[in-house]
Amino acid sequence: MTDRQLTILAALNLMVAVGAGAFGAHGLKRMITPELLSVWQTGVLYHLVHALGLFAVALLGARYGSPLLSAAGVVMFVGIVLFSGSLYVLSLTGTHWLGAVTPFGGVAFLASWAMVALAAYRAQG
């Protein structure tokens, strides 16, 4: 994935995360339990943080040109889909088995940040 594509992906994810946060604060508040709203908010938090992470990866990729950074961006996006996506669906449906998917997203987040660290360690200059 190119730096440009990662930047677009980051911007779109930030847009969706802000919308999800607003929907949770204004629309879901009266529709779901406080416990499920908290789950939703956790999904939004991690979505926002890792969408910003996608921007950081794009900027670092432009600076260092490492293919590892491009891969880290893809893995980070997969983490967003698995982690935040599973929490969003769990909140809306109450389907608790989806909680089993969430840790895979967390592992993807950890792996992506490890890839960023490795790319920076290997970078020249």
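**View 1. Helices α3 and α4 lie roughly antiparallel to each other.** In this predicted model, helix α3 covers residues 67-93 and helix α4 covers residues 102-122. Two packed helices are described by the angle between their axes and the distance between the axes. For α3 and α4, that angle is about 160° and the axes are 7 Å apart. Axes here are lines fitted to C-alpha atoms, for helices over the stretch in contact, and angles run from 0 to 180 degrees between N-to-C directions. Angles under 35 degrees count as roughly parallel, over 145 as roughly antiparallel, 65 to 115 as roughly perpendicular, and the rest as oblique.

Before moving on, a word about conventions. Residues are numbered from 1 along each chain as its sequence is written, and side-chain values use heavy atoms, with hydrogens and water left out. Because this is a predicted model, local features need pLDDT of at least 70 and side-chain atom pairs count only at pLDDT 80 or more, while totals for chains, interfaces and linings use all residues.

**View 2. Helices α1 and α3 run roughly parallel to each other.** Their axes come within 12 Å and cross at roughly 15°. The passage of α1 by α3 is a left-handed crossing.

**View 3. The whole chain is built from four helices and zero strands.** Helices (H or I, at least four residues) and strands (E, at least two) are DSSP runs, numbered from the N terminus. Read from that end, the order of elements is α-α-α-α. Along the principal axes, the C-alpha atoms fill a box of roughly 55 × 25 × 20 Å. Of the 125 residues in the chain, 39% are buried; that label means under 20% relative accessible area, with exposed over 50% and partly exposed in between (1.4 Å probe, protein chains only).

**View 4. A nonpolar surface patch is made by Ile8, Leu12, Met15 and Val16.** The patch has an area of about 370 Å², with accessible areas taken from the Shrake-Rupley method with a 1.4 Å probe; for residues, only the protein chains shown count as cover. Patches are made of residues with over 30% relative accessible area and no salt bridge, joining like charges within 9 Å and nonpolar side chains (Val, Leu, Ile, Met, Phe, Trp, Tyr) within 5 Å. A salt bridge, in turn, is a side-chain nitrogen of Lys or Arg within 4 Å of a carboxyl oxygen of Asp or Glu. Val16 sits in helix α1, residues 3-28, and is partly exposed at 46% relative accessibility. Leu12 also belongs to helix α1 and is partly exposed, with a relative accessible area of 44%. From Leu12 to Ala51, 39 residues apart along the chain, the C-alpha separation is 8.5 Å.

**View 5. Leu45, Ala58 and Leu37 belong to helix α2.** This helix takes in residues 34-64. Leu45 is exposed, with a relative accessible area of 51%, and its C-alpha atom is 9.7 Å from that of Val18, 27 residues apart along the chain. Leu37 and Val116 are 79 residues apart in sequence, and their C-alpha atoms are 32 Å apart in space.

How values were computed: A crossing is left-handed if the near helix is turned anticlockwise from the far one by less than a right angle, and right-handed if clockwise.
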